[in-house]
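Let's take a friendly walk through this one. Have a look at the sequence and the fold, and then we'll go through helices, charged pairs and a sheet.

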Amino acid sequence: MSKDGEVDAQVSSDAGKSEVYVQTVPGTELTFEMISLPEGTFLMGSPTSESNRKEDEGPQREVELDAFYMAKYELTWELFELFFKQNKELFVKLDDEKVVKIDAITRPSPPYEDPSYGMGKDGYPAVSMSTYSALVFCKWLSTVTGKFYRLPTEAEWEYAARAGSTASYSFGEDASLLDDYAVYRKNSNNAYAQVGTKKPNAWGLYDMHGNAAEWTMDEYKEDAYETLGSENPWATPMVIHPRVYRGGSWDDEADKLRSAARTGSTTKLQKRDPQIPKSFWWFTDSNYVGFRLVSPAEQPSPEAQKKFWQTVLDE
């Protein structure tokens with residue numbers, strides 16, 4: 001689908017399967033796939049009987065979500081580096097108004113050290129950035145493509161990870177099957193893998209368990225499930241830390257990869273950053289945390305988008 005050259009995307013769907021669209025980044029040959037997830041309700045959190053359950057995963061409650069699209073894969077370095085390396089020459093052919101808006105978006109300062117830690121960039125998940133950096137990337141991508149992209153809320157992330165399952169993992173309770181679905185400490189050889197090397201979940205999403213853990217939009221609150229509403233819940237962030245990341249990573253044991261497992265960020269993710277003040281863009285000690293894109297099925301108005309960026313980026 002396209003509109004005034006803003007969105008260059010191809011949409012396909014088969015009976016019984018989710019709709020998928022392929023987004024091309026204007027001015028480049030780079031693309032990424034987005035999978036439609038239906039509106040619905042699900043039980044968020046874990047039952048008290050679940051093995052390795054933590055207190056912050058409850059009380060389990062029913063949550064209602066609007067329909068949205070989620071990226072088939074974790075965001076890769078090829079896409080992220082378009083943003084932070086400021087390849088402006090690729091976008092000079094866009095409408096003048098759009099070029100002005102792109103140029104107005106601040107790009108990350110150079111990282112203190114190689115953010116990939118030498119684990120690879122061609123087809124590998126982008127890691128080591130802050131939630132601020134990930135959200136500014138989303139604003140940049142939204143401006144370049146003309147389609148609204150953001151991080152998932154914590155509820156959206158878990159809904160997508162479960163893919164209809166109520167078990168500990170999207171594929172059931174048997175953690176021995178993780179080798180088929182996830183890159184984690186047992187099989188990672190101490191490094192992340194290229195995205196999509198394991199089996200997807202029932203909704204066609206890859207690496208929801210393991211590989212890179214994934215940022216959400218939520219501030220971490222231990223009692224979030226007791227205080228947030230049930231319709232499209234979102235713990236609007238007011239602080240840099242703690243923020244929620246989900247899914248576990250190449251450096252985690254099986255229990256951290258459970259669909260309900262939650263982790264709150266801390267300043268330890270910036271421990272080795274010698275800069276004063278420490279970088280808002282890069283977290284030196286988070287080479288296991290990346291992110292995945294979401295786009296609401298019903299696109300917000302320009303006014304609503306402006307308010308959103310003001311909220312999440314403190315503009």
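Lys101 and Glu97 both sit in helix H2 (residues 96-103), so about how much of a helical turn separates them? Keep in mind as you look that this is a predicted model.

The pair is 4 residues apart in H2, which means about one helical turn lies between Lys101 and Glu97. An α-helix has 3.6 residues a turn, so residues three or four places apart point the same way. Lys101 and Glu97 do form a salt bridge, and their closest N and O atoms are 3.5 Å apart. As for how open the two are, Lys101 is partly exposed at 48% relative accessible area, while Glu97 reaches 57% and counts as exposed.

**Charged pairs**

Side chains of opposite charge can pair when their charged atoms come close. In this model there are 17 salt bridges.

| Pair | Closest N and O atoms |
|---|---|
| Lys101 and Glu97 | 3.5 Å |
| Arg246 and Glu154 | 3.1 Å |
| Asp285 and Arg272 | 2.7 Å |

Take the Arg246 and Glu154 salt bridge, with its closest N and O atoms 3.1 Å apart. Arg246 belongs to strand S8 (residues 243-246) and Glu154 to helix H4 (residues 154-162), so this pair ties together parts that are 92 residues apart in sequence. Are these two buried or exposed? Arg246 is buried, with a relative accessible area of 1%, and Glu154 is buried too, at 2%.

Asp285 and Arg272 make another salt bridge, this time with 2.7 Å between the closest N and O atoms. Both partners are in the loop between strand S9 (262-264) and strand S10 (289-290), so the pair ties together parts 13 residues apart in sequence. Asp285 is buried at 17% relative accessible area, whereas Arg272, at 41%, is partly exposed. Some salt bridges also share partners: Glu154, Glu158, Arg162, Arg246 and Arg262 are joined that way into one network.

Why is helix H1 (residues 77-84) described as largely enclosed by the rest of the structure? Because 7 of its 8 residues are buried. Those buried residues are Trp77, Leu79, Phe80, Glu81, Leu82, Phe83 and Phe84. What do they pack against? Their neighbours are strand S3 (31-37) and helix H3 (131-145). After H1 comes Gln86, and its phi is positive, near 55°.

**A nonpolar patch on the surface**

Now for the outside. Tyr132, Ile240 and Phe280 make a nonpolar surface patch of about 290 Å². Phe280 is in the loop between S9 and S10, and with a relative accessible area of 52% it is exposed.

**The open sheet**

Last stop: the strands. Four of them build an open sheet in the order S9-S8-S7-S10, and the pairing is mixed. Which strands stand at the edges? S9 and S10 do; each has a single partner strand, so one side of each is left without a neighbour in the sheet. Strand S7 (residues 213-219) pairs with S10 in the parallel sense, over 2 bridges.

Terms used. Residues numbered from 1 in each chain as written. Predicted model: local features only at pLDDT ≥ 70, side-chain atom pairs only at ≥ 80, totals over all residues. Heavy atoms only, no water. Buried < 20%, exposed > 50% of the residue type's maximum accessible area, 1.4 Å probe, protein only. Contact = heavy atoms within 4.5 Å. Salt bridge = Lys/Arg side-chain N within 4 Å of Asp/Glu carboxyl O. Patch = residues over 30% accessible without salt bridge, like charges linked within 9 Å, V, L, I, M, F, W, Y side chains within 5 Å. Areas by Shrake-Rupley, 256 points an atom, 1.4 Å probe, with all protein chains shown as cover. Pairing = 2+ DSSP bridges.
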